[in-house]
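Dear colleague,

Please find below the structure that I am handing over to you.

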Amino acid sequence: MDTPGNLKTSISELDLDRPNIEDYLPSGTSIQEPLDKLSLRDLLDISPTLTEAAGAIVDDSFTRCFKSNPPEPWNWNVYLFPLWCCGVVIRYGILFPVRVLVLAIGWIIFLSSYIPVHLLLKGHDKLRKKIERSLVEVICMFFVASWTGVVKYHGPRPSRRPKQVFVANHTSMIDFIVLEQMTPFAVIMQKHPGWVGLLQSTILESVGCIWFHRSEAKDREIVAKKLRDHVQGADNNPLLIFPEGTCVNNHYTVMFKKGAFELDSTVCPIAIKYNKIFVDAFWNSRKQSFTTHLLQLMTSWAVVCDVWYLEPQNLRPGETPIEFAERVRGIISDRAGLKKVPWDGYLKYSRPSPKHRERKQQSFAESVLRSLEEK
């Protein structure tokens, strides 16, 4: 949750994009009409809550955070359509089979090395974990190669140190792959079903990843304890957290959860920005499976991405974890050119809490009574 001061600031930033409600009201209505002819314009005038609600209906900045905006069609004319057809043949008939072959070779190399190391070096944990970390980096490199990934990294490469945590904006599960091919991060992530869940519970355990179930409230305390224990270990892989808690379409950043900022550790921001010139890397998990998402990437021309490792940040004197989270979100948003919005990403999965609705109802009632008393 946000503090009232920060929420007010964030909402004021959205006012630039909010449509003028006056434009959507009947032109013949006057605010100066008598009270017995109370109109919609009067209600909006006396209630900022209704104004906010009407603005949300006209221009919903929450749902826009989770929409994939397709590019404008460019190929429907006699000159460009043949070129587009040639591109489809090349992408699906040539590039895609080659990429499948590259990924298959990567898995063969990985599994033929990982399985013996995992089984034969059980008594030598330090050596086993070191080799497994390197192998996880290798398979991530093959994944990036299967998309013809063009990734440019800016800033110093992360190092393994105690009491530090890395946080990044979140667009897709491939964020983890893009970062993992350079540094063996241990990530905290939602537990997924299917083959992705199998990889999580077997291979990715070797880099110290932490999983949680969104539907189980008790997991929150268990995960928080695991995070605190992990950041204290000098030999553990750097901890990577996506504090938005859900995938956002790489145009916005939603509110950061404060858990990563309560660990009494140095926070290292990472900004990730995808170039949509060849493909939109946003994964809408409610509309497509991760397998379909990977096929979309493997049948595109390329995945182009910039990654910035930004200056580490520490909690300032008198600063709350929520304020700390908002400050780091601002740093990431500014570097990646993303717009901050005052929304909790978990609203995508659940309805607003009764307390939130009651606060809005009370605010509306007070504003109406205050206006009627003035009149």
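The notes below cover confidence, aromatic pairs and cavities.

Please bear in mind that this is a predicted model. The protein chain has a mean pLDDT of 79, with 76% of its residues at 70 or more. Strand β8 (residues 303-309) has the highest confidence, at a mean of 96, whereas helix α1 (residues 4-14) has the lowest, at 43. The pLDDT stays below 50 over residues 1-35, although this stretch has 53 contacts in the model beyond near neighbours in sequence. Where pLDDT is low, the predicted coordinates should not be read in detail.

Nine aromatic pairs were found in a search of the whole structure. In one of them, the ring centres of W107 and F143 lie 6.0 Å apart with their planes at 85°, so this pair is edge-to-face. Because W107 belongs to helix α4 (residues 81-120) and F143 to helix α5 (residues 125-146), the pair ties together parts that are 36 residues apart in sequence. W107 is partly exposed, with a relative accessible area of 22%, while F143 is buried at 9%. Ring pairs also link these two residues with F110 and Y114 into a cluster.

The largest has a volume of about 250 Å³, and F143 is among the residues that lie nearest its centre. Its lining of 17 residues comprises 16 nonpolar, one polar and no charged residues. Helices α4, α5, α6 and α7 each supply at least two residues of that lining.

With kind regards

Note on methods
Residues numbered from 1 in each chain as written. Predicted model: local features only at pLDDT ≥ 70, side-chain atom pairs only at ≥ 80, totals over all residues. Heavy atoms only, no water. pLDDT = per-residue confidence, 0-100. Helix = DSSP H or I, 4+ residues; strand = E, 2+ residues; numbered from the N terminus. Contact = heavy atoms within 4.5 Å. Phe/Tyr/Trp six-rings, centres within 6.5 Å; stacked < 30°, edge-to-face > 60°. Buried < 20%, exposed > 50% of the residue type's maximum accessible area, 1.4 Å probe, protein only. 1 Å grid on protein atoms, 1.4 Å probe; cavity = no way out; pocket = protein on both sides within 12 Å on 5 of 7 lines; lining within 4 Å. Points joined across faces, edges and corners; volume = space filled by probe spheres on them. Nonpolar A, V, L, I, M, F, W, Y, C, P; charged D, E, K, R; others polar.
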